[in-house]
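I opened my notebook to look up charged side chains and their partners. Here is what I wrote down as I went along.

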Amino acid sequence: MEKSFREISYKLKKEDGKMCAGDIMRDKLKLSSREMTRCKLFDDGVMCDGKAVRLIDEIEPGKELFIRVYEDTDNTSEIVPGDDPVEIVYEDEDIIVVNKPGDMVVHPSYCHFTDSLSNALMGYYKRTGQNHVIRVIGRLDRETSGLVIFAKNRYSASLLSGQCRDLSRRKEYLALCTGVFEEQNGTIDEPIWENPREKMVREVRADGKRAVTHYSVEKQFKDFALVRLKLDTGRTHQIRVHMSYIGHPLLGDSLYGRKIENSHGMKRAALHACSLSFLQPVSEKSLFFSAKMPDDMKTVIENEE
C-alpha cells in the first residue's frame, strides 16, 4: 500500500516579505523541528513551483510552499481491525470524533486485544478504504462513556496536542454522584498522587500533582445528583478521585466508592464526556460537539423522576 500523507501549504503574502522555507514551516504551518527534518527525507516533502526546495531557500511573496507530511505506518504496532460498530460524531481529513460506549477500553491491552475502541476504529478505517495510524488525543477511562478525538495524521495530532496544553480544547462531563450536595457549585483544587504499589489507584495527597475540578449540580435527587463537571487539568481518574474526596463518589464506582450502599443498578462509574469544543487543527475553525447521555445513566434518572 502506498504511503499516505497530509499535504499542507502556505502562500506568502506581500506583507510577509521573503521567507526561508524552514521559517514558513515553523512559523506559519506550526511544524516541529522533528517534523521539518523528517519532511526533508522525501523528494516531494518540501516543494515550490513543482520543484524540491531546501529549508534555507528563500520563497518570494505570491509563491506557495507545499509540504507533504508522510505517515510512518511501517513502524507502528499492529492493531487488529475489529467488527464492533463505531458511533461517529464528526469526521474530516484530519480528525474523527467518536462516542465511546461505557466499559470499553480505548487502547488494546492483554485482556482486550481485539475489542478496544482502537480496534473498532481500525475496522472502520479498513472498511472505508482509509489508511491511518490510530492516534488518540486525550483519554477516557474504560468505564467512562462519551466523546473521544482521534487524529488521522501526524500533523493534526501535533497541533491538537498543543491545544490540549493551552486549554483551548475543552471537555465537559456529566456524572451521577452519591449523596445530597450542600453547595450547588464548587471547585476542588487538590493534588492527586499515584500510588507506586497500586498503579490503578489514585488519591488526594499533598505531594501529588495539582488537579482542579469545577462542578455544578444540575439536579438533586433523593440520594444522588446529576452533576456537570469541567477540568483544568487531566489527571488519571481525576473526577472519580475528587468527587470521592468530597464525599460524593460516583454511582457504580467500585474503585473509589466502595461504601456506596445503592448504585441504582449502575455497573460502571456513572461518568459521561458529554460535550467537547476545540479548534479544527488545520483550518482553526471552532468546533463543538455533544453526545447524548447513555442509556444506563438515563435509566437511573428516569426511575427517580
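**Entry 1: a cut-off to start.** I call a residue buried under 20% relative accessible area, exposed over 50%, and partly exposed in between. Lys-298, with a relative accessible area of 33%, is therefore partly exposed. I also remind myself that this is a predicted model.

**Entry 2: the partner of Lys-298.** I looked for its partner and found Asp-295, in a salt bridge whose closest N and O atoms are 3.9 Å apart. Both residues sit in helix α6 (residues 295-302), and because they are three residues apart there, about one helical turn separates them. Asp-295 has a relative accessible area of 55%, so I noted Asp-295 as exposed.

Entry 3: I picked Asp-141 and Arg-240, which form a salt bridge with the closest N and O atoms 3.5 Å apart. This pair links distant parts of the chain, 99 residues apart. Asp-141 lies in the loop between β9 (135-137) and β10 (145-151), while Arg-240 belongs to helix α5 (residues 238-245). Buried or exposed, I asked of Asp-141 and Arg-240? Both are buried.

**Entry 4: the whole count.** How many salt bridges does the count come to? I get 28 salt bridges.

**Entry 5: loop to loop.** Another one I looked up joins the side chains of Glu-60 and Lys-18, at 3.5 Å from N to O. Glu-60 is in the loop between β5 (58-59) and β6 (64-70), and Lys-18 is in the loop between β1 (5-11) and β2 (19-20), so this pair ties together parts that are 42 residues apart in sequence. Glu-60 counts as partly exposed, at 39% relative accessibility.

**Entry 6: a lysine without a salt bridge.** Side chains of opposite charge can pair when their charged atoms come close. With that in mind I turned to Lys-100, which is placed in strand β8 (residues 95-100). Lys-100 is buried yet has no salt bridge. Which side chain of opposite charge is nearest to Lys-100? I found Asp-103, 7.4 Å away.

**Entry 7: what surrounds Lys-100.** A polar atom of the Lys-100 side chain lies 3.0 Å from the backbone oxygen of Arg-142. Leaving aside residues up to four places away in sequence, I listed what Lys-100 touches: among them are Val-106, Leu-117, Leu-140, Asp-141, Thr-144 and Val-148.

How values were computed
Residues numbered from 1 in each chain as written. Predicted model: local features only at pLDDT ≥ 70, side-chain atom pairs only at ≥ 80, totals over all residues. Heavy atoms only, no water. Salt bridge = Lys/Arg side-chain N within 4 Å of Asp/Glu carboxyl O. Helix = DSSP H or I, 4+ residues; strand = E, 2+ residues; numbered from the N terminus. Buried < 20%, exposed > 50% of the residue type's maximum accessible area, 1.4 Å probe, protein only. Lys, Arg positive; Asp, Glu negative; His and termini not counted. Polar contact = N/O pair within 3.5 Å; in protein donor to acceptor, adjacent residues only side chain to side chain. Contact = heavy atoms within 4.5 Å.
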